[in-house]
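Here is a plain walk through one protein model, for anyone meeting it for the first time. Take a look, then read on.

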Amino acid sequence: MYQDRIEYLKRAIKRTYKRYTGERTDGKATLLDVAKFFNIPVDESRTEDYSIKKIDYNTPSIEIKDEKNDITYNAIYTGNADLLNFSGAKKFNSVISTSPLRTEESLYYIGGETPIITKMTFTDGEHELVFEREMANSVGMFVNNGVKMAIRYLQDVVYDGRNVKQPLFNRIHKNSYRNEQFDGVFEQTYTYGPHRFIKWDDSQDKYAYIRNNNVIYGINELEQKGLCHYMRGICFESTNVSASDYFPLNMYAKDYPLLSEDNIKSAMMFRIGTGDAIHHSLQVYKSNDCISIIFHSEKHHYEGDYRVETIANEEYGLPNLSDGTISSGEIQNILSSLQARLGDNEALGVISNELNAFGAKIDIRKGIVQEELDPLSPKLFIDKSFDEICALVSANKDDYFRLISEQFEIAANINRNPKGQSKVLKPKSSQSSEN
């Protein structure tokens, strides 16, 4: 089907281009008519500023230059959806535009008018600040059922004689839809990525869902040198979900049978490694009757005969402070009780940070407190056009790069002082934005 469509388009592109150049006199066409085949935006009020530098009817592909704004557009029909790490039948139109301000890459279905994914990159020396929006699609192995905005911070490095890009910091916000109805929110923040081209500092990978007025908060990874070798965890404001769908890496719902009991309303589970082969686990369950807490710490001795030494073993209950699912007040009560029983247990500080983060998200969902969004929150950019993003970032480029660098250093514990004031970033005037 796609091949027949492409053969038709090849003929249509050739016919339209020849009418534009005057080689054919059986009709008229403009540069705008040619550009539409390739999803290249042309300002109709100043078409004289654009020129077609080259065109290939067989591929098909084209290069168009906007002389006024110094933007070069290159588009090609292809089977490689590089932005989505997919290769298959030739059914995509890949468009790359470059200017002194940024590089923008977009991927369309051939003949489609809405990009599947768009990526805009700003460069500052060896670092890149990337804004990437992906629309609902079924390209490749996974279905994207919503609109996803990602903001990424990368570094150009030479590794094993090759020029490569090391992801440093990644922030994602996604609005999901089902049957064209809003179905919830997904957020994720993580340092680095799958490749280690540089020496890593501390690393983290945390995520959250809002589904059916329910906060789900998870930790895939948390490593803090000298404090926490590893941490994984999952918190359910309400257990009335398919819990196994949300568990972090290397944690499994089957290991927590209490999750499936009807009287359990909320649950929080953590696994932590600290010190010298010391492992901790925490389980918290809120039922109709009380809040049950199970905490265990043990040290593994590998010298000589292997043995396991129990350091702490607490199992107790607390009264519910409110009806229904867990509240932030009850989370504070849980932390106070753990502090009283465990004292300076080294895992408690790490647990406190994550349970407080979970409680804060519950309060935001309930409208008890207002969510504070920093200038680089992807939630702020998910509905902005890329022209708006370009204008905003280019007007405050140094400030944005400084802010993303600070956020990365805090997340990776490079900058040990988390107190940093974000600058107020102002939009660029419409006169100086790209058209």
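Start with Lys206 and Glu354, which form a salt bridge whose closest N and O atoms are 2.8 Å apart. Lys206 sits in strand 11 (residues 203–210) and Glu354 in helix 4 (residues 346–366), so this pair ties together parts that are 148 residues apart in sequence. Keep in mind that this is a predicted model.

Are the two partners buried or exposed? Lys206 counts as buried, at 18% relative accessibility, because the cut-off for buried is under 20%. Glu354 is buried too, at 3% relative accessibility.

## Other salt bridges

How many salt bridges does the structure hold? The count is 27. Some of them share partners: Asp43, Arg46, Asp49 and Asp66 are joined into one network that way.

Two more pairs are worth a look. Lys18 and Glu23 meet through their side chains, at 2.9 Å from N to O. Lys18 is buried, with a relative accessible area of 19%, whereas Glu23 counts as exposed at 53%. Then there is Arg19, which has a salt bridge with Asp26, with 3.2 Å between the closest N and O atoms. Here Arg19 is partly exposed, at a relative accessible area of 24%, and Asp26 is partly exposed as well, at 46%.

## A buried arginine with no bridge

Now for a charged residue without a salt bridge. Arg232 is found in strand 13 (residues 230–236). Arg232 is buried, yet it has no salt bridge. What is the nearest side chain of opposite charge, and how far away is it? That side chain is Glu221, 7.9 Å away. For a salt bridge, a side-chain nitrogen of Lys or Arg has to be within 4 Å of a carboxyl oxygen of Asp or Glu.

So what does Arg232 touch? Leaving out residues up to four places away in sequence, the contacts of Arg232 are Ile219, Asn220, Leu249, Asn250, Met251, Met269, Phe270 and Arg271.

## The whole protein

Time to zoom out. The protein has seven helices and 17 strands, and its C-alpha atoms fill a box of roughly 90 × 50 × 45 Å along the principal axes. Of its 435 residues, 49% count as buried. If you take the contacts between residues at least 6 apart in sequence, 46% of them join residues at least 24 apart.

## A nonpolar patch

Which residues make a nonpolar surface patch of about 330 Å²? They are Tyr302, Tyr306 and Val308. Tyr306 lies in the loop between strand 16 (290–301) and strand 17 (307–319). With a relative accessible area of 47%, Tyr306 is partly exposed, so it clears the cut-off for patch residues, which is over 30%.

A few loops have backbone details to look for. The peptide bond from Thr59 to Pro60 is cis, with omega near -15°. You can find Pro60 in the loop between strand 1 (50–56) and strand 2 (61–66).

Two other residues have a positive phi without being glycine. One is Asp160, with phi near 55°. Asp160 lies in the loop between strand 8 (146–159) and strand 9 (162–178), and it is exposed, with a relative accessible area of 69%. The other is Glu180, where phi is near 65°. Glu180 has its place in the loop between strand 9 and strand 10 (181–191). Glu180 is exposed as well, with a relative accessible area of 76%.

Notes: Residues numbered from 1 in each chain as written. Predicted model: local features only at pLDDT ≥ 70, side-chain atom pairs only at ≥ 80, totals over all residues. Heavy atoms only, no water. Helix = DSSP H or I, 4+ residues; strand = E, 2+ residues; numbered from the N terminus. Buried < 20%, exposed > 50% of the residue type's maximum accessible area, 1.4 Å probe, protein only. Contact = heavy atoms within 4.5 Å. Patch = residues over 30% accessible without salt bridge, like charges linked within 9 Å, V, L, I, M, F, W, Y side chains within 5 Å. Areas by Shrake-Rupley, 256 points an atom, 1.4 Å probe, with all protein chains shown as cover. Lys, Arg positive; Asp, Glu negative; His and termini not counted.
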